[in-house]
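Hello,

Here is the structure I promised to pass on. My notes on it follow below.

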Amino acid sequence: MAWQAYPLPQARKPEKGSGVFRLTVRNAMAHLDSAVKEECLREDLKFYFMNPCEKYRARHQIPWKLGLQILKIVMVTTQLVRFGLSNQLVVAFKEENTVAFKYLFLKGYSGVDEDNYSCSVYTQEDAYESIFHVMNQYHRLKNVSLGTLSYGENEENKIGLKVCKQYYKKETMFHANETLNIDSDTETDCTHLDLQALSRPQDWKSSSFFRLEFYRLLQVEISFRLRGIDLQRILSRELPDCYIFQNTIIFDNKAHSGKIKIYLDSDAHIEECKELNISGSVQKNTQYVLVFDAFVIVICLASLILCTRSIVLALSLRKRFLNFFLEKYKRRVCDADQWEFINGWYVLVIISDLMTIIGSILKMEIKVKNLTNYDLCSILLGTSTLLVWVGVIRYLGYFQKYNVLILTMQASLPKVLRFCACAGMIYLGYTFCGWIVLGPYHNKFVALNTVSECLFSLVNGDDMFATFAQIQQKSIMVWLFSRLYLYSFISLFIYMILSLFIALITDSYDTIKKYQQNGFPETDLQEFLKGCSGREGYQTEPSAFLSSICCLRRKESDDHLILTN
């Protein structure tokens with residue numbers, strides 16, 4: 001019986017219109033659509049992480065943010081310089097008037113303050129003469145002062161001096177057995193002397209109010225207000241400022257040590273100048289400055305809107321990438337890759353823009369004399385300019401040779417912060433110890449803030465010999481402790497802690513240099529971007545079918561998926 005070949009069953013081709021054919025086509029289209037979405041996501045990610053020049057070469061997108069940042073640097077710096085020169089005039093005028101008041105009202109003022117007070121007296125006669133000198137000089141102000149000063153009204157709308165003396169309430173001293181009975185409660189007695197009363201010195205000098213009982217006297221306080229005008233601003237083509245100087249002179253006898261310390265505090269407030277007529281080009285110059293400040297605000301608003309838009313679009317792109325990665329690979333993206341979408345430079349620019357806008361508004365109000373807060377305005381404008389110039393580093397970072405600083409700072413920051421937290425505990429211990437032990441014997445250790453500043457200077461090698469030499473040798477035990485304290489601190493922080501601190505940064509720098517030579521470790525995001533056709537794919541006509549469909553879809557309906565940085 002001859003063997004016959006048995007025909008194998010052949011697979012049936014799906015007929016058109018059948019369920020199998022529709023399922024096969026649906027799977028193929030679903031796979032194709034998934035591949036198209038993946039390729040579109042790759043291209044959007046690649047475009048997002050390009051620098052402005054690469055984006056322009058790729059899609060001819062004009063780098064508006066780059067141009068705005070360059071223009072903003074010029075505008076903000078010019079604004080800061082102009083305001084800084086104006087603020088220097090304000091501060092100089094206040095300081096010069098304070099010095100002038102000390103020479104006018106403090107008898108025997110030498111021009112140099114004694115510690116934290118202006119001068120001191122040691123006899124009752126000198127105390128009376130110093131108090132009466134203040135009153136006489138106030139009455140003769142317009143005849144002796146070189147400035148444009150006039151009398152100001154106090155809280156009660158009165159012109160004159162307010163003199164207050166503070167005593168222990170009751171005190172009895174028995175010289176025979178040297179006993180002293182003191183009531184710790186205090187009482188304050190005040191009197192007001194106007195210009196008419198001051199014109200009769202024999203009357204108020206002989207009054208009982210000025211018979212001071214020094215053994216229970218705590219302090220004598222003399223307060224008065226003066227008005228002044230800063231005319232030097234006219235030379236700078238600006239409107240002048242009018243000032244109210246609240247002056248307070250205190251004769252402090254709280255220690256009862258035989259030395260009365262004299263303090264003069266002058267608090268200056270700027271107010272609107274009333275009935276001031278100035279001819280010339282001052283008003284026109286003010287208008288030009290206001291227009292310039294308004295233009296700075298417009299530039300910062302545009303920069304703020306563009307950077308906020310980029311962050312919003314980046315968060316949308318981040319959400320797309322996270323969903324895709326979770327759907328395809330069934331796992332979450334690492335935190336480092338997620339933070340790649342949050343551009344810290346944009347956050348820095350947004351903070352800078354907000355501070356510049358607020359500072360410019362304050363500056364405009366100061367210019368038209370509606371506000372007088374120069375300090376807050378200078379802090380806002382100064383900090384914003386600092387952030388603007390720091391932001392320039394971002395554009396230098398596009399070049400590998402200039403990017404080392406940024407990468408080293410990013411790599412070393414976590415380690416440096418942990419190291420500083422540990423070293424800070426030792427530093428605080430030395431601070432409290434030096435304040436408690438050396439405070440009464442050394443001027444640099446009288447307060448916690450001065451102790452911290454002194455120790456920080458020692459770490460940097462500043463003023464070492466003076467710190468050793470200025471310790472008072474009234475106590476041998478404290479003097480020996482000061483040597484042990486200073487030698488141990490300098491040895492520990494300079495030779496060990498500071499060296500370790502530098503070593504941490506050096507180690508991060510070496511790591512970055514190796515990465516630049518051998519390549520950085522690849523993350524999930526970078527491995528995903530490898531599948532992109534590269535920057536050249538943006539500059540020439542795409543050849544792949546998926547790329548054609550991706551570009552076609554973008555042109556028709558998915559423009560909202562294109563993210564610009």
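R200 is partly exposed, at a relative accessible area of 38%. Partly exposed lies between buried, under 20% relative accessible area, and exposed, over 50% (1.4 Å probe, protein chains only). D203 is partly exposed too, with 46%. These two residues form a salt bridge, and the closest N and O atoms of R200 and D203 are 3.0 Å apart. The rule for a salt bridge is a side-chain nitrogen of Lys or Arg within 4 Å of a carboxyl oxygen of Asp or Glu. By that rule the count is 7 salt bridges.

A word on the source. This is a predicted model, where local features need pLDDT of at least 70 and side-chain atom pairs count only at pLDDT 80 or more, while totals for chains, interfaces and linings use all residues. Residues are numbered from 1 along each chain as its sequence is written, and side-chain values use heavy atoms, with hydrogens and water left out.

Next pair: D507 and K415. Their side chains meet in a salt bridge at 3.4 Å, N to O. It links distant parts of the chain: D507 sits in helix α17 (residues 476-518) and K415 in helix α14 (residues 404-438), 92 residues apart. Helices are DSSP runs (H or I, at least four residues), numbered from the N terminus. D507 is partly exposed at 41% relative accessible area, and K415 is partly exposed at 25%.

D463 and K444 also pair. Their salt bridge spans 2.3 Å, N to O. D463 lies in the loop between α15 (448-459) and α16 (464-469), and K444 in the loop between α14 and α15, so the pair ties together parts 19 residues apart in sequence. K444 counts as buried, at 19%.

Now the nonpolar side. A nonpolar core is a set of buried Ala, Val, Leu, Ile, Met, Phe, Trp, Tyr and Cys residues joined through side-chain atoms within 4.5 Å. The largest has 53 residues. Which of them touch the most other members? They are F105, M135 and L226. Beyond its neighbours within four places in sequence, F105 is in contact (heavy atoms within 4.5 Å) with H133, V134, Q137, Y138, L141, F224, L226 and I249. Another core lies apart from the largest one; it has 21 residues, including Y427, Y430, L458 and F489.

Best wishes

Methods. Helices (H or I, at least four residues) and strands (E, at least two) are DSSP runs, numbered from the N terminus.
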